Amino acid sequence: MSSSNLAVLNALDNARIQLYHVTAIIIAGMGFFTDAYDLFCISTVSKLLGRLYYYDPITGNPGKLPTNVNNVVTGVALVGTLSGQLVFGWAGDKLGRKKVYGVTLIIMVICAIGSGISFGSSAKSVIGTLCFFRFWLGFGIGGDYPLSATIMSEYANKKTRGKFIAAVFAMQGVGIIFAGLVSMILSKIFLSRYHAVPFSKDPILSTQPQADFLWRIVLMLGALPAMLTFFWRMKMPESGRYTALIEGNAKKAAADMGRVLDIDIQEESDKLSEIRASNNYELLSWEFFDRHGYHLIGTMSTWFLLDIAFYSQNLTQKDIFPAMGLTKQAADLSALEEVYETSCAMFIVALLGTFPGYWFTVLFIESLGRFFIQVMGFIMMSSFMLLMGVFYDSLKEHKWLFALLYGLTFFFANFGPNSTTFVLPAELFPTRLRSTCHALSAAAGKAGAMIGAFVVQTYTLDGDVTKIKRALLALSFTNILGACFTFFLSETKGKSLEEISGEDGGQNI
């Protein structure tokens, strides 16, 4: 008996695009907006933390976070994200997507607010509590990855599933833009009220005491979109595929989906037992490895290699901008001016490079396919990073050409593997293990992001040209590896989830 003949699944696969599909994209997407804002806004304020809490008059330079402290502040949320992905990914398969979906938002709201409060006045107490809350913030963010991807893939029809999942993920681009925009607007407001001279003129007065409120407000605002989304998440029914194939309740699946989608579904409980029996294998089994082993290797390795480059770029741009002359040197700026200039540069790169790439993927994923977009993106990223690494010295004389190459790298990351590595794990695996496998793939990505935060950043922090060149060349190589590992994966466009995974009784792709 084929599960593609099960009415609830057939109806979902062939349902026309409806208002609820758009609503689900917004509900799931706001989680990614929050995720991206919280993870990337720290880049706009980390230099300010150095000025406020680590100024040493003996050095004659503006205060700067020590390398190990900087890496922990920017990277601790990634450690939390990895942990949250594994925990919530497993829970999403064992307990159901809906039951744990709201918990992630509650954690994110509490910890975004906690990050801004960060008790104490000494550097150690403030940075310590900031890192504590950002770890647990990351934990909540991590849960959103497998749950949002899985829920969207299981709600969508087979013809537009890629577009819908990519649209959810594209909200990350909006979040990155807002991380720069909010920091830019708030720092400008503070500057208009609390003007200060550059560091070179007066090292003490160049750091406005009121700047201590700025970074706290920027971090706490990350709680707002999560709070606005919570109510709507709680109203979402459980995924029809989970209810039918895992809980074995076709009647409830039909009722739930019939309530939110305009589709007529007949109950077919008698067909479920055979379908469930033929797919009752665990993650750590030979049957899983035989059916999906190559796919899991492919999704984990490509996401790992992609995130080394992607997070290195986002987290280190604050160091590369002044090195290339795109922003002024720290000594020529007051503390708030440095936040403003870094935020402006990040906002422009995100708006012109990062943001369009996400939506190009949404537009073309169903026509070009996941496989082509991913391989193309990796190769283009590798090419631009190679050019920047080899010709770095020459490009310092042509800073806008460097900015163009830097922006194009972001564009092809998002019109490429940054989007497709999120989409493919939500499609390739069976319902009973979909959330877990997506979590394992995403966690591998965050392991790569941690290499970006803890290893690659050490090459860019002091603005040493030779080290930055080495970092760019190394990232070019990891992208080529990513293109190679993509060949472990299969094209999924136009197929039902059960056809892809083999749950329909046939051979999986």
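Which residue forms a salt bridge with arginine 434? Keep that one in mind for a moment. A word on the source: this is a predicted model.

Here is the partner. Glutamate 154 forms the salt bridge with arginine 434. Their closest N and O atoms are 2.6 Å apart. Now look at where the two sit. Arginine 434 belongs to helix H19, residues 434–460. Glutamate 154 belongs to helix H5, residues 123–155. The two are 280 residues apart, so to speak of this pair is to speak of a link between distant parts of the chain. Both arginine 434 and glutamate 154 are buried.

How many salt bridges does a search of the whole structure find? The count is 13. I will show two others.

Next pair, please. Glutamate 338 and lysine 47 meet through their side chains in a salt bridge, at 3.9 Å from N to O. Is glutamate 338 buried or exposed? It counts as buried, because its relative accessibility is 8%, and the cut-off for buried is under 20%. Lysine 47 has 23%, so lysine 47 counts as partly exposed.

Now a pair within one helix. Glutamate 287 and arginine 291 form a salt bridge, and their closest N and O atoms are 3.0 Å apart. Both lie in helix H12, residues 286–324. They are four residues apart, so about one helical turn separates them. Glutamate 287 is partly exposed, at 37% relative accessible area. Arginine 291 is partly exposed too, at 21%.

Some salt bridges share partners. They join Asp93, Arg97, Glu154 and Arg434 into one network. So our opening pair, arginine 434 and glutamate 154, returns here as part of that network.

Last stop: the surface. Which residues form a nonpolar patch there? They are Phe213, Ile217, Leu221, Leu224, Met227 and Leu228. Together they have about 580 Å² of accessible area. Two helices each supply at least two residues of the patch: H7, spanning 211–220, and H8, spanning 223–235. H8 gives the largest share, with three residues. Take isoleucine 217 as one example. Its place is in helix H7. Isoleucine 217 is partly exposed, with a relative accessible area of 32%.

That is the tour. Thank you.

How values were computed: Residues numbered from 1 in each chain as written. Predicted model: local features only at pLDDT ≥ 70, side-chain atom pairs only at ≥ 80, totals over all residues. Heavy atoms only, no water. Salt bridge = Lys/Arg side-chain N within 4 Å of Asp/Glu carboxyl O. Buried < 20%, exposed > 50% of the residue type's maximum accessible area, 1.4 Å probe, protein only. Patch = residues over 30% accessible without salt bridge, like charges linked within 9 Å, V, L, I, M, F, W, Y side chains within 5 Å. Areas by Shrake-Rupley, 256 points an atom, 1.4 Å probe, with all protein chains shown as cover.
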